[in-house]
Amino acid sequence: AATKLAAVENTSYVHNVLVCTLCSCYPLSILGLSPPWYKDRVYRARIVREPRKVLAEFGMDVPLSVAVRVHDSHCVFEVYCNSREACGHHHHSRLVMQSVFKL
């Protein structure tokens with residue numbers, strides 16, 4: 001079966017987080033190798049339960065005025081997230097942006 005791909009955009013009102021809680025699948029052909037922590041069971045469970053806290057641990061403090069949406073990707077439906085550089089987060093290092101936003 002073909003994989004469906006969706007794109008979501010981070011805005012000043014919504015911050016999107018991507019995770020595959022089932023198997024840690026990742027759109028390898030589009031984004032390259034996933035970071036090692038992405039496959040960690042603890043990360044996959046925590047990002048769903050407490051996304052703001054996990055993001056803060058990555059150095060990304062999302063204001064309470066911004067909704068956090070966690071998208072559970074899986075092997076037949078994958079989600080790609082655009083960065084928030086246009087929303088004032090360009091001061092973060094590219095490495096942090098890559099780890100948080102799966103660039």
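Q: What counts as a polar contact here?
A: A polar contact is a pair of N or O atoms within 3.5 Å. Within protein, one atom must be able to donate a hydrogen and the other to accept it, and residues adjacent in sequence count only if both atoms are side-chain atoms.

Q: With which side chain does the side chain of Asp72 make a polar contact?
A: A word on the model: it is predicted, local features need pLDDT of at least 70, side-chain atom pairs count only at pLDDT 80 or more, and totals for chains, interfaces and linings use all residues. Residues are numbered from 1 along each chain as its sequence is written, and side-chain values use heavy atoms, with hydrogens and water left out. At 2.6 Å, the partner of Asp72 is the side chain of Thr21.

Q: Is Asp72 buried, exposed or partly exposed?
A: Buried means under 20% relative accessible area, exposed over 50%, and partly exposed in between (1.4 Å probe, protein chains only). Asp72 has 40% relative accessibility, so it counts as partly exposed.

Q: How far apart are the C-alpha atoms of Asp72 and Cys20?
A: Along the chain these two residues are 52 residues apart. Still, Asp72 is in contact (heavy atoms within 4.5 Å) with Cys20, as well as Val19 and Thr21. The C-alpha separation is 5.1 Å.

Q: Where is Arg46, and what is its relative accessible area?
A: Helices (H or I, at least four residues) and strands (E, at least two) are DSSP runs, numbered from the N terminus. Arg46 sits in helix 2. Among the residues it touches are Pro51 and Glu57. Arg46 is buried, with a relative accessible area of 18%.

How values were computed
Lists of a residue's contacts leave out its neighbours within four places in sequence.
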